[in-house]
Amino acid sequence: MEFAFTEDQLLLQQTVRDFLEGECTVEHVRGMWDTETGRSPEFWQKLAEMGIAGLMVPDQHGGLGMNEVDMVLVLEEIGRAALAEPVIHTAFVGVPLLVESGVKAIADEWLSKVAEGSAILAVGHDQSPFVSDAHVASLLLLSSGDAVHAVPRSEANLTPQTANDPAKRIFSVDWTPTSNTLLVDGDAGKRLRAKAFDRGALACAAQLLGVVQKLIEMAVLYATQRKQFGVPIGSFQAVKHMLANEKVKTEYARCLVYRGADSLANDVPSRAVDVSMAKIATAEAAVSTAKTALQVHGAPGYTWEQALHVWMRRAWSLDSAWGSIAFHRARLANAVIDGSSPAVNFGYQAPAA
């Protein structure tokens, strides 16, 4: 299998990187922690004007009509910048969920609003009792049994919960399913929920790639500046090896993330397995790299003045979001060992149980 991004996809990635380097500084990220909502309507509008909010919105609704492969590099840059705005829930999970529900009235009402930046979506899933960014969402996409419901925020009661990342806003949601909120039920609902979950997990994996890359860059920079015995600590073989090992883990994980994006875009039978492999690899790399980066920084890494903790917190929160490492390992084992779900990768077929 030959996989490469197009010139347009790479240009989009660079455009997003340039924008975030100028607008989403570490000062901006930290500043949002102290605001009431933790989110900036002005910043979200800028993202919409760039086309990020509507990247996967069909063109008839004012979007760009792109797919998961087009967006995976954008998500990577969002992780690299530690941007906390609800891009995953709105643009990568919520939009295709509304499109694939087949409910034209809902799609017509909400997709154009998402594309223009006037509406935000929040999505609930079985692996978390809480819903991220429900407080700023216009529409909540929630599950009840096999059914998926579209619930206006005004019809739900939200209770804020404590998170380990000050950039994260999570809420328990009290709501009542009705025929008016029902999007899809039965087997169609199961399929819709399963694919939405895979999108969320893959989006976390893509953002983790960016987080890991930033952690490595920060550790390398510090290692070139911090001196011991009159020389930079980056000249010590032990430090070189630690950082090189984290870089290797990252590059192995990168291949799995891009494979997962392709599997989602083409809805291949091994989609869930490919996504779980990507989430496992990136989460493990992120947790490990956070420890290594902190070790390289030493005692200063624990201080509030160091920006290192911004990306460490993002690594930890994304690690637990949309399924933990333990969950995805179990799902992978069910496919590869038990043969309970498709595990076809690059021509390999898992033997039957």
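Tutor: One term before we start: contact means heavy atoms within 4.5 Å. Helices (H or I, at least four residues) and strands (E, at least two) are DSSP runs, numbered from the N terminus. This is a predicted model, where local features need pLDDT of at least 70, side-chain atom pairs count only at pLDDT 80 or more, and totals for chains, interfaces and linings use all residues. Residues are numbered from 1 along each chain as its sequence is written, and side-chain values use heavy atoms, with hydrogens and water left out.

Student: Ok, which strands does helix 7 lie across?
Tutor: Helix 7, residues 186-225, lies across strand 3, strand 4 (147-152) and strand 7. The helix runs at about 70 degrees to strand 4. For such angles, axes are lines fitted to C-alpha atoms, for helices over the stretch in contact, and angles run from 0 to 180 degrees between N-to-C directions.

Student: What's the strand order in the open sheet of four strands?
Tutor: The order is 1-3-4-7, with mixed pairing. Its edge strands are strand 1 (121-123) and strand 7 (182-184), each pairing on one side only. Two strands pair if DSSP finds at least two bridges between them.

Student: And how many bridges are there between strand 1 and strand 3?
Tutor: Three, and strand 1 pairs with strand 3 (residues 139-144) in the parallel sense. Within that, Ala122 has Leu140 in strand 3 as its bridge partner.

Student: Let's zoom in on Val151. Buried or exposed?
Tutor: Val151 is buried, because its relative accessible area is 1%. The cut-offs are under 20% for buried, over 50% for exposed and partly exposed in between (1.4 Å probe, protein chains only). Val151 sits in strand 4.

Student: What does Val151 touch?
Tutor: Leaving out residues up to four places away in sequence, Val151 touches Leu139, Leu140, Leu142, Ala156, Trp175 and Thr181.

Student: Now Arg39. Where is it?
Tutor: Arg39 is in the loop between helix 2 (26-33) and helix 3 (41-50). Arg39 counts as buried, because its relative accessible area is 8%.

Student: What does the side chain of Arg39 pair up with?
Tutor: A polar contact of 2.7 Å joins it to the side chain of Asp133. A polar atom of the Arg39 side chain also lies 2.9 Å from the backbone oxygen of Ala167. A polar contact is a pair of N or O atoms within 3.5 Å; within protein, one must be able to donate a hydrogen and the other to accept it, and residues adjacent in sequence count only if both atoms are side-chain atoms.

Student: Which other residues does Arg39 touch?
Tutor: Not counting residues up to four places away in sequence, Arg39 touches a list including Met32, Glu85, Pro86 and His135.
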